[in-house]
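Here is a set of questions and answers on one model. Each answer sets a value against its definition.

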There are 2 protein chains.
Amino acid sequence: MSKQQRTAIEPTREQNYAEWYQQVIKAADLAENSEVRGCMVIKPWGYAIWENIQKVLDGMFRETGHRNAYFPIFIPKSYFEKEAEHVEGFAKECAVVTHSRLEPDGKGGLVAAGELSEPYIVRPTSETIIGASFAKWVNSYRDLPLLINQWANIVRWEMRTRLFLRTTEFLWQEGHTVHENYEDAMLETKKMLNVYADFAQNYLAIPVIQGEKTEGEKFPGAVNTYCIEAMMQDKKALQSGTSHFLGQNFAKSSGIKFQNREGESEFAWTTSWGVSTRLIGALIMAHSDDNGLVLPPKIAPSHLVIIPIFRSEEERTEVMKLAEEIQAELKNCYFEDIRIYTELDDRDLTSSERNWYWIKKGIPLRIEIGPRDVASGTVMLARRDKEPRDKVPVPVTELKTAIVSTLSGIQASIYQKALSFRDENIVRIDDHQEFYKFYTPKNANQPEIHGGFAFSPWCGSVACEEKIKTDLKVTVRCIPFENQLEDGKCVCCGQDSKLRVIFAKSY
Amino acid sequence: MSKQQRTAIEPTREQNYAEWYQQVIKAADLAENSEVRGCMVIKPWGYAIWENIQKVLDGMFRETGHRNAYFPIFIPKSYFEKEAEHVEGFAKECAVVTHSRLEPDGKGGLVAAGELSEPYIVRPTSETIIGASFAKWVNSYRDLPLLINQWANIVRWEMRTRLFLRTTEFLWQEGHTVHENYEDAMLETKKMLNVYADFAQNYLAIPVIQGEKTEGEKFPGAVNTYCIEAMMQDKKALQSGTSHFLGQNFAKSSGIKFQNREGESEFAWTTSWGVSTRLIGALIMAHSDDNGLVLPPKIAPSHLVIIPIFRSEEERTEVMKLAEEIQAELKNCYFEDIRIYTELDDRDLTSSERNWYWIKKGIPLRIEIGPRDVASGTVMLARRDKEPRDKVPVPVTELKTAIVSTLSGIQASIYQKALSFRDENIVRIDDHQEFYKFYTPKNANQPEIHGGFAFSPWCGSVACEEKIKTDLKVTVRCIPFENQLEDGKCVCCGQDSKLRVIFAKSY
């Protein structure tokens, strides 16, 4: 290519990745910041993606025996104080409700009144409030396992926020389960991590690494935290889901006791696991390009836009007739297990304007229909994962079949692209200097651009973990389940190491 | 009947209606109170009913062109203060967030810290926060109508709470729309009231009266509030959904302006409308009996329970085989537009215990299968809306057809029963004394039991409305859309009246 191609999103990923991310969200009309500190407004196209995520995951949770319920948004301060590590982890950033009404302040305004005897915390996570119910629900081993999920809003008073990735309020699901023994609870913890990995890979088209968090990175109050880690296009890691083995910690603080098979009373074993609207951030950063959002068809709110083109009322009639016929034929049509939704965009805008509108929104397929197409019985089909001008002719009689197979093809292709990118950017590094060089930006204007994930030996000490974090802003993302056991020398201190772990910069 | 029949719920409706309501909820395991003031825990069976309500309504909102979005849970105090009537209506009972963290208090506990410069209110309704976004989204008449819905949790610091009917936190949907002119906004307001009435009647099987609220009962800040009112089995009214015509009030306070077709800038016209988890309370009180919950099949989480009965391992094998065959045959089976879900309850309990468990939960149909049924190829089918012992034999070969038609039959029958009850208890009363007698309890032990709805003339004065409220705890539930225009004498003051309205005691 001799000439620089114009792109719909400015700046490009190369020019300024962080700003590109904001501009993709704006161009696709997914969300916006509100005047409420750190809280976002999720706009219809963004919310429809979340609804699709919910629908698929909810089905997976049901198939694995979980049922939905709903617990109070407020957590009494006293509940919160029961688990020491837990309160330590969340007390620093939480919304505190202290009053129950507003009263005239005598200056024409209002002032908080009706002070509560005990402040309430807006839930930053629900282990303690759900634990209070579970303590009542569980009496005998016959009541176990208890497998509950909640879809809810969550508030954490984050200092630095970014749409979808880190917001004061976000939407999520939180699974909370109770089991008879260590083994069952551990099985559940890992089973749900697997559900998340399956969902990320097969629906979001994002390859993930499953592994365990280090002591320093685990959930406050958990015994073990497992996670799925994905690579974004700037080679940073995004933690995309977590599953916590809570041992008997929360059962003890909430009093979840049961009579076991031997007739003795003992504390139960619990788990919790969650994914959030952060997944939409992952989706954007994993697949989108310099023309805007790219959506895996299995999670797209709509799959195909038909763009009729006409210059006269006569042309309009014949073009709209074919457009409506095509739309009717695709009604109640599926690819794999996903229902196909279509748009017919006959707004009074040029075909180029309408094409770019939908390209930026990430709709997987586009068809333009003009009078010549009506005459020839062939339409041009364009894929969002190809160049905007790259179109293939498809006879109208074969269109339905082509759409069904192309949607599956796009899904597979987006996943493969992300997988190749990630695998190219995971490097086995054993040498200290090489490790430091890997994380040194090549270009001072782009301090965020670096080598990617390092799969390197670590001695397991907190000191080394901290030093690398301080020096490079790089952390242990996880101790992966696969290939982690290998003798070597710690990439930080050079001492003997038994583990190879995933290091990365992260969101 | 010579002998008093034993019922599963104690007390019965006759004995103590309010307590019966609590016991039905407990027996069906729908919800429970939490230790958080006035907040409930919605348990899986109750939450599944809410999910069904959501699914149907969401489809209706989509068909009428609405799209879902999500807005912040927190409302800055300053937003709240912009609309005078609105703040007046909600300031007296709201959760106020004043701090952003907890700090050690030096005595081993924690204390609220990080005071906010401006307090936030946990949304009691979202007109003001959604209005702030709409002001940015709407520029021209081409952006209108803007048709948005939100599914969310809501907090109102209610003084006296009751599961589902009135809780500090509840779940709801709130539609918010913006229009070019008075006519379009008024059409939308009434269209959505119609959607609610359609849903209440055709899914919840609850007949409703559509009408307008009086000045004193309308939504704070609205120009007109329309509502659907249902009669419960204690003859009290339950407001089951409201739709508000907001005129330009909120557009002015939020600054929602647009360029009209003449190129001039003007304030838009808005509406809002909502239903909540209160509908579950309506469902319980409209249909349930002294044996527990009765669910209209179209909203039931599950439709049929199969109860296998066996005494030996050999019997178990043959009975379970037939039970599983029946369950398999009903998979992916529909009645009307509703998918049929089934349960197979082979728990180690007597058949009577299992039957009563499901009767109390309101499952529409039950089948017991014993060895004799396997031999005869006929099973006994029991309907929840008939007496527990009332069963009809159905050949296994005809079971699927029988189930499909019986579910539709139960839906229709439950509605008819509620309709007859309501119509029998709406009385045209023109006389003052008769009106007062109608609302005087016949029995001192049951002060809540009274005549029902009075359809009576009202002069339209606030004084008469207030007097009747003070004297009898009776209010104007609505000015019904039908048959309201009729000359008469006010049932309170005896002056000329042009309107006949619905009076009732209410929840």
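**Two chains and their contact**

Q: How many bridges join β5(A) to strand β5 (residues 96-104) of chain B, and which way do the strands run?
A: Three bridges join β5(A) to β5(B), and the strands run antiparallel. Strands here are DSSP runs (E, at least two residues), helices are runs of H or I with at least four, and both are numbered from the N terminus. Two strands pair if DSSP finds at least two bridges between them. Within β5(B), B:His99 is the bridge partner of A:Val96.

This is a predicted model, where local features need pLDDT of at least 70, side-chain atom pairs count only at pLDDT 80 or more, and totals for chains, interfaces and linings use all residues. Residues are numbered from 1 along each chain as its sequence is written, while chains are lettered from A and ligands numbered from 1 in the order in which they are written.

Q: What makes up the contact between chain A and chain B?
A: Chain A gives 45 residues and chain B gives 45 residues. Contact requires C-beta atoms, placed from the backbone, within 7 Å. On the side of chain A that touches chain B, β5(A) has the largest share, seven residues. By class, that side holds 27 nonpolar, eight polar and ten charged residues. Nonpolar covers Ala, Val, Leu, Ile, Met, Phe, Trp, Tyr, Cys and Pro; charged covers Asp, Glu, Lys and Arg; the others, Gly among them, are polar.

Q: Why is it said that the copies meet through the same surface?
A: Because 100% of the interface residues of chain A are also interface residues in chain B.

Q: How do you know that the radius of gyration of chain A agrees with a compact globule?
A: The globule rule is 2.2 Å times the number of residues to the power 0.38, and the radius is taken over C-alpha atoms. For 507 residues a compact globule would have a radius near 23 Å; chain A has 26 Å, which agrees.

Q: What is the average pLDDT of chain A?
A: Chain A averages 95, and 98% of the residues score at least 70. pLDDT is the predictor's confidence in each residue, from 0 to 100.

Note on methods
Two residues are in contact if their C-beta atoms, placed from the backbone, lie within 7 Å.
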